[in-house]
Amino acid sequence: MQTDPLPDVGGEVAVVGKLSTLDRFLPAWIIAAMGLGLLLGSFVPGLNTALEAVKIGEVSLPIAIGLLVMMYPVLAKVRYDQAHRVIGDRKLMITSVVLNWVLAPAFMFALAWIFIPDLPEYRTGLIIVGLARCIAMVMIWNDLACGDREAAAVLVAINSVFQVIAFGALGWFYLQLLPSWLGLPTTSADFSFWVITASVLVFLGIPLLAGFLTRTVGEKARGRDWYEGTFLPKLGPWALYGLLFTITLLFALQGGTITSRPLDVARIALPLLVYFLVVFGAGMLAGRWLGLGYAKTTTLAFTAAGNNFELAIAVAIGTFGVTSGQALAGVVGPLIEVPVLVALVYVALWARKRFFTSRPLSA
């Protein structure tokens, strides 16, 4: 990608004009990738079997490769020597933890019971999606919206740690304890610690280490000007190539399930749509109210609104089976999340010009 991050201070920048052709028409490419994936899954015999032949945990190896290709260029752009600036911003850190691990899961729980109280498998799948905080694609959306790359890397790392530590406990709370308190039916689920840990280590740990080493070695060998002015522009587009490749394979793998149950997909999609819009809006409003500035506010909003559908699908399949309603709910997640969050990139860019023209307040 060739989008430059916007500074926290200074004049207006014609952001959309700086987008490359690939970035500017991203919604069209994503829709095309979804359509291609559905066609491949429907008309290529044995494709599902081939894609599922080798796995990392419960995730198809080709999809895992696509995610790694997607994540690596974004994490190679992060200025890791600026991480202390993010960690010292207590308002950003505390607000992110509250949004990601208190408000967002509770909101998804409420939406699941409001919209699909009669479909327990789908309801459980939605709750699992709400517990899986984003550690991968959020870096793409944040970068396109000119958010704070260093802040995104730190917040994603925090989400990863919380995911390993808290996912199982939160699953027990929202599927068993809280429903029993409210007099609602409960769901028994035994989440695998190793599935969650493997997802975090593979989809964040490997590209994070690779990105850190690339920047460190590159800057020492040729300097920051060469690294950011020459190397990164060549590496950047591979993030979107990886994104489109991943989306194509994901929809090829699950295309038959999606197309065979259109009404079920629609019922799952509606609460997801509400969730993404409301949580993103809450993040933007919270950041502006706290005076975080555009870049950090955008990062806060995207890290709160995005979900780790790879983990949600892996957990749903590992716990309930590949043909379960819980797994279908996990698959519908990216079907709705990808186009909605792409649209929210443009909303964020519009909001910057309209609402973020002044210097951010001190943390």
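Predicted model: local features only at pLDDT ≥ 70, side-chain atom pairs only at ≥ 80, totals over all residues.
## Burial of helix α8

Because ten of its twelve residues are buried, α8 is largely enclosed by the rest of the structure.

Helix α8 covers residues 120–131, and its end C-alpha atoms lie 17 Å apart, in agreement with the 16 Å that twelve residues should span at 1.5 Å a residue; the expected span is 1.5 Å times one less than the number of residues. Helices are DSSP runs (H or I, at least four residues) numbered from the N terminus.

## Packing of α8 against α17

The axes of α8 and α17 (residues 325–355) come within 7 Å and cross at roughly 45 degrees. The pair is therefore oblique, a class left for angles that are not under 35 degrees (roughly parallel), over 145 (roughly antiparallel) or 65 to 115 (roughly perpendicular). Axes are lines fitted to C-alpha atoms over the stretch in contact, with angles from 0 to 180 degrees between N-to-C directions.

In contact (heavy atoms within 4.5 Å) are Glu121, Tyr122, Thr124, Gly125, Leu126 and Val129 of α8 with Gly325, Gln326, Leu328, Ala329 and Gly330 of α17.

## Packing of α12 against α13

Helices α12 (residues 224–235) and α13 (residues 237–260) pack at about 15 degrees with axes 5 Å apart, and are therefore roughly parallel. Pro233, Lys234 and Leu235 of α12 meet Pro237, Trp238 and Ala239 of α13.

## Basis of the values

Residues are numbered from 1 along each chain as its sequence is written, and side-chain values use heavy atoms, without hydrogens and water. Local features need pLDDT of at least 70 and side-chain atom pairs count only at pLDDT 80 or more, whereas totals for chains, interfaces and linings use all residues.

Notes: Helix = DSSP H or I, 4+ residues; strand = E, 2+ residues; numbered from the N terminus. Buried < 20%, exposed > 50% of the residue type's maximum accessible area, 1.4 Å probe, protein only.
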